[in-house]
Amino acid sequence: MTAKQTAIVIGSGFGGLALAIRLQSAGIATTIVEARDRPGGRAYVWKQDGYTFDAGPTVITDPACLEELWALSGSRMADDVTLLPVHPFYRLIWNDGTKFDYSNVDAELNAEIAKLDPADMAGYARFLEYSKGVYEEGYLKLGAVPFLDFSQMLKAAPALAKYQAWRSVYSIVSSFVKNDKLRQALSFHTLLVGGNPMNTSSIYTLIHRLEKLGGVWFAKGGTNELVNGMVALFERLGGTLILGDKVSRISHTGKRVTGVETAGGKVLSADMVATNGDLVHSYGLIEGSAYAARKVRSLHRKRFSPSLFVVHFGLNGTFPGIAHHSILFSDRYGPLLKDIYKSGTLADDPSLYLHHPSATDSGMAPAGKSAFYALAPVPHMGRAPVDWAVEGPRYRDVVLGRIRDLLIPDLDQRMDTCFHYTPQDFHDDLGAHLGSAFSLEPVLWQSAWFRGHNRDDHFSNLYFVGAGTHPGAGIPGVVGSAKATASLIV
C-alpha cells in the first residue's frame, strides 16, 4: 500500500487554514504550525475587559468561497459559523458632514448617488457593467489559477487589455462618474487590500461586483469565530494544529524541502511544506540555500503595501447611529495617498476605517457598552522609519480625535478601555517585512505571474499561500490562493 502523504502548513491565517482544510479533505495528513497562542494570523483576537477585539479582517465577502471548504467533506459552514448580514455595507463620512450609505440595494444606492449628483446616475450604471465584466474575467476565471509560467499571463492578456488593466481604479472610476465624493466612494475599496486607488490596476474594480452579488457579512462573535470554525472543521477531518511554537527553519536536501524545525525544539518531517507566512520571512527560514538568499534580495527590491495603525477601544453606552463599518475621509484624498505610498509622511488628518461590531452583534462588548476599532493606513517602516514606541501614543490621540470631531463628541468621557497596534507590532508578531499589513503592493507588475508563485520555482515541494501570492490580500483573495495552491498538490 502507498503510504499516506503528509504536509506541513506554516501559519494559521485564513490562507493557511483554507489550504490545510483542502489538503486534509483530500486525504493528505496535514499539520499546521502556528507561532502565536491562538490561530488566525492577521485575524487574531484579543479578549480584554469583557470585550472581543478582532485584530484584522472584519469585512467578509463572497461567503460561497468559504462554504466551499465545508462542502469538500459534505458538511455545512452554518454548523460551525453564523454569518450575520451587514447593512449598509459602509457608511462613508466626509468632514463637511456629507454621508453616503453604500449597499447592494439598488433603490437605496441610487438614491445616495442622486443626493451627491443626479447627473452621475447613468455613469454609475455603466461602471456597474464594467465591474461585472472585470469580475467575470478576473475573479471567476482567474482568481484561483496558479500562475506558474509567463505563458499563462499571456493567455490572460487579451482580457486584461479589454478592460484596460494598466489604468488605475481611480482613473477608470473617474471615466464613469464626475462627482469627487462618488469617485472616492467607488475607489476606496483597494485600500482594504493594501492598494493605492491611484495606482492599483482597474481589475480591482471587481470588488464592487463581488460585494453586490455576495453581500457583506460579519461572523457572530467576531471574525476569529470564523477562524475557530475553520479550525474545528480541520480537526474533525483529522488535521493537527500546533500552537505557540514558531518555525525557526525549513529544512531541505537538494531541490526538495524535507520539513521544519521549531523554536520549541520540534523536528517535523513531511512530503511537502506550504507557508502562509510573509514571503521575505519564509525564504529567510531556508538556511544554507543560495537560491533562497537570492529570493530574499529580489523581494527586497519589490514594492510592499503600507502598514496600519489600529486603535482598539471600548466605550460606555451604545451608538445606534454609528454603522458597523464607517469610512471617515480626509479632505486630502489624493495627497494623503501620496503621503502613505510615496513620501512616507505620517499624516495628521488620516482617513479611517471605523469598525463598530456592536452595531451587528451586541455580544462583542459587555452589556450597555460598545466595541470599536479605528484603522489608519500608514507608511510601512521602510518608507517612514518611525519609532512607534514614542509615536504610538501621540498617533492614537490623532486617530481618536478624528472620531471625536466627526462622530462621538464625548468620546473621552465614555472611554472604558483602549490599546493600539502599530507597524512595529505587524513586524514583530507576524514577521511582516517592513511591517507591511498586506504583503506586496497590488500593482499590475506585481500581480498574477509577477506575484509570489503558489509553488516555488526551485524547491519542487515547497508551496506558498496567502496575501503575497496570486490573487492577493483580503479573505476571498487568500482563500482563492489556497484553492490555487491545492490544485497543484491534489
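The following dialogue asks what stands behind the terms used for this predicted model.

Trainee: What makes Arg76 and Asp79 a salt bridge?

Mentor: Their closest N and O atoms are 3.0 Å apart. The cut-off is 4 Å between a side-chain nitrogen of Lys or Arg and a carboxyl oxygen of Asp or Glu, so the pair qualifies.

Trainee: Why is Arg76 called exposed?

Mentor: Arg76 has a relative accessible area of 52%. Exposed means over 50%, so the word applies. Asp79, at 51%, counts as exposed too.

Trainee: How do you know that Lys115 and Glu112 form a salt bridge?

Mentor: The closest N and O atoms of Lys115 and Glu112 are 3.1 Å apart. The limit is 4 Å, so this pair also passes.

Trainee: Where do Lys115 and Glu112 lie?

Mentor: Both are in helix H3, residues 106-116. They sit three residues apart, about one turn of the helix. An α-helix has 3.6 residues a turn, so residues three or four places apart point the same way.

Trainee: Is Lys115 buried or exposed? And Glu112, buried or exposed?

Mentor: Lys115 is exposed, with a relative accessible area of 58%. Glu112 has 13% and is buried. Buried means under 20%, exposed over 50%, so each value settles its own label.

Trainee: What makes Arg303 and Glu441 a pair that links distant parts of the chain?

Mentor: They meet in a salt bridge, 3.0 Å from N to O. Yet Arg303 and Glu441 are 138 residues apart. Arg303 is in the loop between helix H11 (290-300) and E15. Glu441 is in the loop between H15 and strand E20 (462-464).

Trainee: Why is Arg303 called partly exposed?

Mentor: Arg303 has 30% relative accessibility. Glu441, at 2%, counts as buried.

Trainee: How many salt bridges does the structure hold?

Mentor: It holds 22. Arg22, Glu68 and Lys483 are linked in a network of them.

Trainee: What makes E15 a partner of both E18 and E19?

Mentor: Ten bridges join E15 to E18, running antiparallel. Six join E15 to E19, also antiparallel. The threshold is two, so both count as pairs. Ser307 stands opposite Val378 in E18, and Val310 opposite Tyr421 in E19.

Trainee: Why is E15 called mostly covered?

Mentor: Nine of its ten residues are buried. Buried means under 20% relative accessible area, so those nine fall below that cut-off.

Trainee: What span is expected of helix H13, and what does it reach?

Mentor: H13 (residues 388-406) has 19 residues. At 1.5 Å a residue, 27 Å is expected. H13 reaches 26 Å from its first C-alpha to its last, close to that value. Its buried residues include Trp388, Tyr395 and Ile403.

How values were computed: Residues are numbered from 1 along each chain as its sequence is written. This is a predicted model: local features need pLDDT of at least 70, side-chain atom pairs count only at pLDDT 80 or more; totals for chains, interfaces and linings use all residues. Side-chain values use heavy atoms; hydrogens and water are left out. Buried means under 20% relative accessible area, exposed over 50%, partly exposed in between (1.4 Å probe, protein chains only). Helices (H or I, at least four residues) and strands (E, at least two) are DSSP runs, numbered from the N terminus. The expected span of a helix is 1.5 Å times one less than its number of residues.
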